[in-house]
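Me: Could you take a close look at the aromatic residues in this structure for me? I'd like a connected walk through that part, with the geometry spelled out.

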Amino acid sequence: MELVRQEQHIRELPLLPLKNVVLYPQLLLPLTVGRPATLAAVNAALRQESQEIILVAQRDAEVDEPTQGELYTIGTRATIRRISKSEDHTDIFVLGLERVVLIKVDHHGDYPVARFQSLPLAEDSGAEVEALGRAISELTSKAIQLTQAQGSMEIDRLLSATEDPLRLVYLVASMLSLDLPKAQALLEAPTRLDALRLMHTYLSYEVQVLELRNKIANEARTEMSKEQRDYLLRQQLRAIQTELGEKNSEQAEADLLREQLDKAGLPEEIKKEAERELRRLEKLPSASPEHHVIRTYLEYVIELPWNKYSEDSLDIAAARNVLDEDHYNLKDVKERILEHLAVVKLNPKAKAPILCFAGPPGVGKTSLGQSIARAIGRKFERMSVGGLHDESELRGHRRTYIGALPGRVIQALRRAGTANPVIMLDEVDKLGRDYRGDPAAALLEILDPEQNGKFRDNYLDLPFDLSKVLFIATANALDTIPRPLLDRMEVLRLSGYSEEEKLEIAKRYLVPRQLRETGLNPEKIAIEDSALRGIIGGYTREAGLRRLEQNIGRLARKVALRVAEGSNEQLRVDAGALADLLGPEPFHMEQMRRNLQPGVAAGLAWTESGGDVLYIEASLLPDSRGLTLTGQLGEVMQESAKAAQSYLWSHAKNFRIDTQRFKECGVHIHVPAGAVPKDGPSAGITMAVALTSLYTACPARGDTAMTGEVTLTGLVLPIGGLKEKVLAARRAGMTRVILPKANVKDLRDLPEQVRKEMEFIPAERIEQVIAAAIPQLAELMSLAA
């Protein structure tokens, strides 16, 4: 459409692209703004005295950041009349002032800016304009009558009071559900006469649609009268059946429910409520929506195990054998379960503990829960709560909502058929939270022994005793679990496995399981210990066992392929055959850092998947100043680096460091794997050793890893996750570990073989750390002394 532009002054204002809506001059429009660029544009407009902004519809609503070509040419200059801000979006009211034509779209910082000219409509009048205006008024009144909308009289009066035909067109357009191209065509109309013609076309079509809709509604109303007649006939049929002594289907259903209630053995309070609901059901016709709701509710009440308990197997020796059969080691967890059995044996009314298995992925948390249920003779139910946002998933939905259901806990008890099963709450550290509620708060009641004796699900609204349920939660990390929820659980840590433990687990459990799953027998494949050690050392770097089992499964599948092709020879897999079967070893980086350069030290880190070796690299920057830190280091880790440098600077003479190097050279500290965020205080002594090695040009020992927090006074403070860190150092080939003296007590958690193989150097001060990590510097310091 060719538009006539008047030669006017070009202005510039912030630009707000619109999705599926058009703003007309002289009209108000509420908008919700959520995109970062549009929020910035609104804020820029508010900073102006006039608070004006340009609003232009975008051609494709799916585009979040439209270019000039993806916007319509004609828009509206508007002023912001009202604004309301919330956490994630902003609501504004804008008043259209005039039409504008876009000249160019630029960007000022983080928001778009439009260069534009005004595009007023020429004043035109005549008989056709007046006739179209009256026709539009009549069609609008007819449309309002056909819709029978609430407030139609007020709308009619508003339209009648509008004397300007163009404003009448815009008002009617805002009330119609016009699609975007039609609405934009109306805004782009070159003359008032064209705008009136377009609106007359749109309104005529709308009135035809409304007339057809009313015709269909009248036919449906006639059909409803037929349904009412059928209802009366059914009522008469029911009366006839009653006189003849015959039962109708509804009465038979109610009698069946009553019989089931009598047999269910419900507690008195529960039975009283169920009978009250059953009496309501009998009075309702089967066609009533509430009839189905009450029937479903009663079925849940009948099927729940109110007084059904499975008998615990209190044979402690048998339970110990089951736990040992299913899992290798894990002594602390097994002892805790056996302690609970002993307590129940002495006091049958004892409450069940609330346990939380915390550890890296793949260490056997979920399978351990299944093993516990088997050992004590209870049913097992698992429910994943990771990513759960709606607390109604746990507490249940109220019956007033369509499709309401009990919460997951009640549903698990219904499936189990007993009131004392083992229920595993998987991934409790990954609970969500949003406007629908906080599931962690719901778990507070479910997992509190003082409250869950009379837990009320929103759907049932009846007290259910959860105190006999053995809840077991699993988590990879405890940091994300709310503290009140964590306080209600007894945390049992499942750390990573050593190479010896992995080898034993693979021989006892993983290899036989993979052979069963692939349909092989031991005559077709023999995996030697050297091959398993090769997989553990070269093909996996994990605290758990998932990658190990996956690689064993790959070996079994390759043998299954050979057998399926007709081969009958047994395949013996040793360490030398792994490269052909599994490809090259993916993990070998640590083996390349035996001879460290000055400025490099090996630290130890704890992650959700276990421990890891973290190399810290430092380099001097001549003619520079300050400390540069890279590698996505968190605030705590950055502060550790600054504290280490400050300590060395203040004690430079003790370590034979020239203080001029601090003044004349800057330092760059980098931690590789820059794409992975890192944080925590335990890298403090590693930072200090790397800087000392850099300033003295003395390399640190390549076989030594270290962990500990450092202070400005040179103290070495304790850290957490020592077992995972030591096992990571051992996997990487380290033989020495420097640790805080306060953590020596934690060494008892390590496997005996690891304690024998590795040398542990406890330290209370940073001088002891540096002496153990940089022997060359220690010799120089002793000679100087």
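Reply:

**Aromatic rings and their surroundings**

Happy to! Tyr297, Tyr300 and Tyr459 come together as one aromatic cluster. Please keep in mind that this is a predicted model. The count of aromatic pairs comes to 7.

One of them is the pair of tryptophan 306 and phenylalanine 464, with 4.9 Å from centre to centre and 45° between the planes, which makes the pair tilted.

Another pair is stacked: tryptophan 649 and phenylalanine 662, at 5.0 Å centre to centre with 10° between the planes. Tryptophan 649 is in helix α21 (residues 635-650) and phenylalanine 662 in helix α22 (residues 660-664), so this pair ties together parts that are 13 residues apart in sequence. Here the accessibilities fall into two classes: tryptophan 649, at 39%, is partly exposed, whereas phenylalanine 662, at 6%, is buried.

All 5 of the 5 residues of β9 (residues 422-426) are buried, so the strand is largely enclosed by the rest of the structure. Val422, Met424 and Asp426 point one way from β9, and Ile423 and Leu425 point the other way. Strand β8 (residues 380-384) runs parallel to β9 and is joined to it by 5 bridges, with arginine 382 having methionine 424 as its bridge partner. β9 also pairs in the parallel sense with strand β12 (residues 470-475), over 4 bridges, and there valine 422 stands opposite leucine 470.

Finally, a helix packing. Helix α17 (residues 499-518) and helix α18 (residues 529-538) pack at an angle of about 120°, their axes 10 Å apart, and the crossing is right-handed. On the α17 side the contact is made by Glu499, Lys502, Leu503, Ala506, Lys507 and Val511, and on the α18 side by Asp529, Leu532, Arg533 and Ile536. Sorted by class, that contact has 5 nonpolar, 5 charged and no polar residues.

Note on methods. Residues numbered from 1 in each chain as written. Predicted model: local features only at pLDDT ≥ 70, side-chain atom pairs only at ≥ 80, totals over all residues. Heavy atoms only, no water. Buried < 20%, exposed > 50% of the residue type's maximum accessible area, 1.4 Å probe, protein only. Helix = DSSP H or I, 4+ residues; strand = E, 2+ residues; numbered from the N terminus. Pairing = 2+ DSSP bridges. Axes fitted to C-alpha atoms, helices over the stretch in contact; angles between N-to-C directions. Left-handed = near helix turned anticlockwise from the far one by under 90°. Contact = heavy atoms within 4.5 Å. Nonpolar A, V, L, I, M, F, W, Y, C, P; charged D, E, K, R; others polar. Phe/Tyr/Trp six-rings, centres within 6.5 Å; stacked < 30°, edge-to-face > 60°.
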